[in-house]
Amino acid sequence: EPPSSGYGTPLGSPLGNYGNQNYEGGNGHHDNDHGEPKSYEFGYQVKDEYTGNNYNRKEASDGNQVRGEYRVQLPDGRTQIVTYYADWQTGFHADVKYEGTAQYPEQYNNYQGGYNNGPSGQYGGSNYAQNNGYNGGGSATSSVSIKDYSSGSGGQYNSGYNSGSNYDSYSGNNFGSLGDAVTNATKFDYKDIPNFPVSTVMGHAGRLLFGHIGSTPVVCMQGRFHFYEGYSLSACTMPVRLMKLLGVTTLVVSNAAGGINPSYRTGQIMLIKDQINFLGLAGVNPLRGHNDERFGDRFVAMNDVFDPEINKLAKSVGEMTGLKEIQEGVYASVGGPTYETVAEVNLMRVLGVDAVGMSTVHETVVAKHCGLKVFAFSLITNECVASYSSKETPDGEEVLQVAKENEGKLKGFVEKMIPHLAKSKL
Ligand SMILES: O=P(O)(O)O[C@H]1O[C@H](CO)[C@@H](O)[C@H]1O
């Protein structure tokens, strides 16, 4: 049976237990006396990040008096602590206390509390605004993650859903116009979707789009969430699971990335053939913690997350749409928001990284976990600085600018690629 989505109360009230098991059974004052008073103790704890359920209880009896305590995480963020004792002479006595301060306004506080371990206050912080800045005026600006989701890279949504046609979900950040590839779109602001991470930055297209690219039904995220914004990786990737639940079958992900490979040039597209999960290697993985079996198994193979056949198709579709010098390489994600030092860039070269960014990897992890096919690509928005003699420095404005300059060609690519992908049955 699936866990309840409410915060829930401890199973069985203390009074109920007391009355049924101990009081009546234990003291010989009732008709159904079964003998000597019995001592017992028990305890349990539930901490389910997926549903947000968080409560525990312990109780003990010496056969005469029952004592116990339970704690419940309330939806308003407070913890309710009930300490009680009971005996057959005086009845049930409870002392109810609350810890923390009730918070009502932002949905994301609840979301954070439910999904993540991190402090809820980090959610809507200044990094988020930065993200909005990236996405610019609603049609995407700089950073790949949010926008990519929306417009092109989400993958096939809904395939099992409607008459066997696959939906692609597209995610992306920096490429605002990718959302324009979605025809007859129904748009939902993230802030209107219950428990969805929320963007509050002006002009930011934090929107989920439902529509079509060609005849393929798609769900498109206009705007994504990053670890450096203060979101946990499970919050960053929650939309991927939402897509799965909506029936999406393929996730198409795009991003803006720095070129680590010295032969890469700004403006090129790199199809992702593999990835290095730096955060994951250090133990920060969106799948850390309780495994929700409804989405997938505890352990997840990642060696086959990217399909060479899909990339082959992408290469020919890209060439058809006029993309020049399409690269295929290894994407690595860092936590950000700092760009790489010269030493870090050189380290990554040694490790075989071709492009670096701050997104995508955790999204593909969660997609693979829940059985979505994945197609991912990067736009090289800057060439990473690998020499101390260089006067170049990466900056967010440049990333945004290059993303803007290239979003037209990316849109053309995605408009062709998603229907081809759906048709190819890859
Ligand atoms: O990966 P996306 O979201 O496209 O954006 C990339 O661009 C931003 C840095 O300029 C970071 O957010 C990085 O991840």
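In this predicted model, E41 has A60 as its bridge partner, and A60 belongs to strand β2. Step back and you'll find an open sheet of five strands, ordered β1-β2-β3-β4-β5, with antiparallel pairing. At the edges stand β1 (40-48) and β5 (91-99); each has a single partner strand, so one side of each is left without a neighbour in the sheet. Going from one strand to the next, the twist averages 10°.

Now for the aromatic rings. A pair of rings is described by how far apart the centres are and by the angle of the planes. Searching the whole structure turns up 12 aromatic pairs, and two of them are set out here.

| Ring pair | Centre to centre | Angle between planes | Type |
|---|---|---|---|
| F188 and F210 | 5.7 Å | 90° | edge-to-face |
| F196 and F225 | 6.1 Å | 70° | edge-to-face |

Where do F188 and F210 lie? F188 is in strand β8 (residues 183-189) and F210 in strand β9 (residues 207-213), so their pair ties together parts that are 22 residues apart in sequence. F188 is partly exposed, with 38% relative accessible area, and F210 also counts as partly exposed, at 26%.

As for the other pair, planes over 60 degrees apart count as edge-to-face, so the 70° between F196 and F225 puts them in that class. F196 sits in the loop between β8 and β9, while F225 sits in the loop between β10 (216-222) and α5 (233-246); the pair therefore ties together parts that are 29 residues apart in sequence. Are F196 and F225 buried or exposed? Both are buried.

R78 lies over the face of Y98, 4.4 Å from the ring centre. Elsewhere, the charged end of R241 sits over the ring of F295, at 4.4 Å from its centre.

On to the helices. Two packed helices are described by the angle between their axes and the distance between those axes. Helix α7 (residues 308-320) packs with helix α10 (residues 396-424) at an angle of about 140°, and their axes are 9 Å apart. Angles over 145 degrees would count as roughly antiparallel, so with its angle of about 140° α7 is oblique to α10. Their crossing is right-handed.

Most residues other than glycine have a negative phi, and most peptide bonds are trans. What is the peptide bond from G336 to P337 like? That bond is cis, with omega near 0°. You can find P337 in the loop between β13 (327-333) and α8 (342-351).

N184 isn't a glycine, yet its phi is positive, at about 45°. This residue has its place in strand β8, and N184 is exposed, with a relative accessible area of 74%. N195 is another residue other than glycine with a positive phi, near 65°. Its place is in the loop between β8 and β9, and at 39% relative accessibility N195 counts as partly exposed.

Note on methods: Residues numbered from 1 in each chain as written. Predicted model: local features only at pLDDT ≥ 70, side-chain atom pairs only at ≥ 80, totals over all residues. Heavy atoms only, no water. Pairing = 2+ DSSP bridges. Helix = DSSP H or I, 4+ residues; strand = E, 2+ residues; numbered from the N terminus. Axes fitted to C-alpha atoms, helices over the stretch in contact; angles between N-to-C directions. Phe/Tyr/Trp six-rings, centres within 6.5 Å; stacked < 30°, edge-to-face > 60°. Buried < 20%, exposed > 50% of the residue type's maximum accessible area, 1.4 Å probe, protein only. Lys NZ or Arg CZ within 6 Å of the ring centre and 35° of its normal. Parallel < 35°, antiparallel > 145°, perpendicular 65-115°, else oblique. Left-handed = near helix turned anticlockwise from the far one by under 90°.
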